[in-house]
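Please view the sequence and the structure together before reading on.

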Amino acid sequence: MAPDLMPRLRSKVLVGTSLVLVGTVVHGLTRFLLNWTAGRTLGPADFGQLTLCIAIAQFAALLWPTTLGVASSKFVAAAPEGSADTLIRHLRRMAVGASLVAAGVAAGAWQVLGDGTWVGGVITAAVCLLYGLYHFTRGVLMGERRFARTTLLEIALAASCLIPAAIVAFNVGSGLAFAASLALGFAVFVIGGFRRTITGSAMSHVLRREVRTYVAIGTIGTIASSGFLQLSVVAAAHWGGPVGVGLYGAALAVATPASIFAVSLGAALMPSMSAEHAQGSSARLAAVTDRAMRGINLLAVPLFGSLVILGDQFTTVVWGEKFAGSVPVLRVLLIAVMLTSCAVPSVTRLSATSTQSLASATRISIGGVGLAGLAWIPLGTAWGERGVAWGYLIGAATTATALFGVNWRKDSQAWTLLAGRTFVATALLVGVAATDPALTPFAAVGYAAVFSALYVFSAWLPSKARHQTEKHALPPS
């Protein structure tokens, strides 16, 4: 790789990641505050109604619209000059049609899995429709690298969602009413991000087929990854009952926002990786992936590991005593989300390159979901919502490990030490989750600090040695 290209590449990725990170932090904080307000206002059973409504809506949107948003980012970023308008017009028609169909599916699912009321069905359908269009709109903005506008729209979404949620908390006290406020926030983002296009020539049949193939394969993979989380909520409702799904939802609400940086990194890397692949620059693609993988591991493992150890204290501060039963679930889900976050660079690298690589990632994800589904039957029957969490961890760990291995081999990365220290750290955290110790605040903080310091030191020492070797290997000037 040419030395003068690296600073520019790093700068583009850093600026894009920073802007997307701000927007994603705002979005994640919005979702967390919505859940927190609902959890502090409602009991576990009513909170479970909100959790189930959003899970059904998001899973239905994964049937096509959500992946279409990822495709929009990829294909718009790689579109030749002057052809973006035609592509966006075609993708928009697909997004609207697919989101309407998904909304109908969500409404029907609520009748079966929810309380069966028409009001609940309408609200679930609205969340699904607008969630799908939100992903498409965001994907187009990302593909055009309009990161600043995306961030401003996330702020608008936050305001239009949280203000009604505060009113709901004081006046209505219904889980479905909180879901309706989330739908309003998505609507504001979609309207604000609407992109006018100039009428031009029709999209080529070759590109149409490529888009459809990418979305079809990606949809299966997305269902097997993001949809996996929503399926686990349905499983928790089945084996844990109304209270169990409420406790599971409370744990999920605080476990997933911690993965914000990984999500932001993936969203920012997708256009860059797609462009590098389109230009045939495999060395630069591998360099970006390596840097992202090391960075996300260095951030995610200490962060999630500390939260696993501080599970009791964290739950008490966020939810209070009425959700104390969610601690065992929280610890397991935090490990699963940690591993999923660490796999984000691998998923993005495979998704951004070719349909064959995407298909490979999809098959791996399907295998992980299948394994978790098999584990849910005995574990859910024996341990309720806690067993569902352990089944989810089994599937997530299998998927993340396989994706990491495929990427490792494909790019011939030097990840042996990285894999070793992450494995040891994960094994320690699984031990904590299995024993579920009742630690005093002082002991929990101490153990979390030691765990984080040891992991960071184990990453820093080989990095320092590698830099020293490279420095001595340089020819004298």
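The sections below move from the overall fold to particular residues.

## Overall architecture

The structure is a predicted model. The protein contains 17 helices and zero strands. Of its 477 residues, 54% count as buried.

Among contacts between residues at least 6 apart in sequence, 84% join residues at least 24 apart. The accessible surface of the protein amounts to about 20000 Å², and carbon and sulfur atoms account for 70% of that area.

## Aromatic pairs

The structure holds 13 aromatic pairs. One of them joins Phe 228 and Tyr 392, whose ring centres are 4.5 Å apart and whose planes meet at 40°, so the pair is tilted. Phe 228 belongs to helix α8 (residues 205–255) and Tyr 392 to helix α15 (residues 385–411); the pair therefore ties together parts that are 164 residues apart in sequence. Both Phe 228 and Tyr 392 are buried.

Phe 457 and Trp 460 form a tilted aromatic pair as well, with 5.9 Å from centre to centre and 35° between the planes. Both residues lie in helix α17, three residues apart, which is about one turn of the helix. Phe 457 has a relative accessibility of 44% and so counts as partly exposed. Trp 460, at 44% relative accessibility, also counts as partly exposed.

Elsewhere, ring pairs link Tyr 131, Tyr 134, Phe 186 and Phe 189 into a cluster. An aromatic ring also takes part in an arrangement with a charged residue: Lys 74 lies over the face of Phe 75, at 5.5 Å from the ring centre.

Pro 462 is located in helix α17, which spans residues 441–473. Its relative accessibility is 23%, and Pro 462 therefore counts as partly exposed.

Which residues does Pro 462 touch, not counting those up to four places away in sequence? They are Leu 417, Arg 421 and Phe 457. Phe 457 is the residue that pairs with Trp 460. The C-alpha atoms of Pro 462 and Leu 418 are separated by 9.6 Å, although these residues are 44 apart along the chain.

## A nonpolar surface patch

On the surface, Leu 63, Val 101 and Val 105 form a nonpolar patch, and together they have about 240 Å² of accessible area. Val 105 is part of helix α4, which covers residues 84–113. With a relative accessibility of 42%, Val 105 counts as partly exposed, because that class lies between the buried limit of 20% and the exposed limit of 50%.

How values were computed
Residues numbered from 1 in each chain as written. Predicted model: local features only at pLDDT ≥ 70, side-chain atom pairs only at ≥ 80, totals over all residues. Heavy atoms only, no water. Patch = residues over 30% accessible without salt bridge, like charges linked within 9 Å, V, L, I, M, F, W, Y side chains within 5 Å. Areas by Shrake-Rupley, 256 points an atom, 1.4 Å probe, with all protein chains shown as cover. Salt bridge = Lys/Arg side-chain N within 4 Å of Asp/Glu carboxyl O. Helix = DSSP H or I, 4+ residues; strand = E, 2+ residues; numbered from the N terminus. Buried < 20%, exposed > 50% of the residue type's maximum accessible area, 1.4 Å probe, protein only. Contact = heavy atoms within 4.5 Å. Phe/Tyr/Trp six-rings, centres within 6.5 Å; stacked < 30°, edge-to-face > 60°. Lys NZ or Arg CZ within 6 Å of the ring centre and 35° of its normal.
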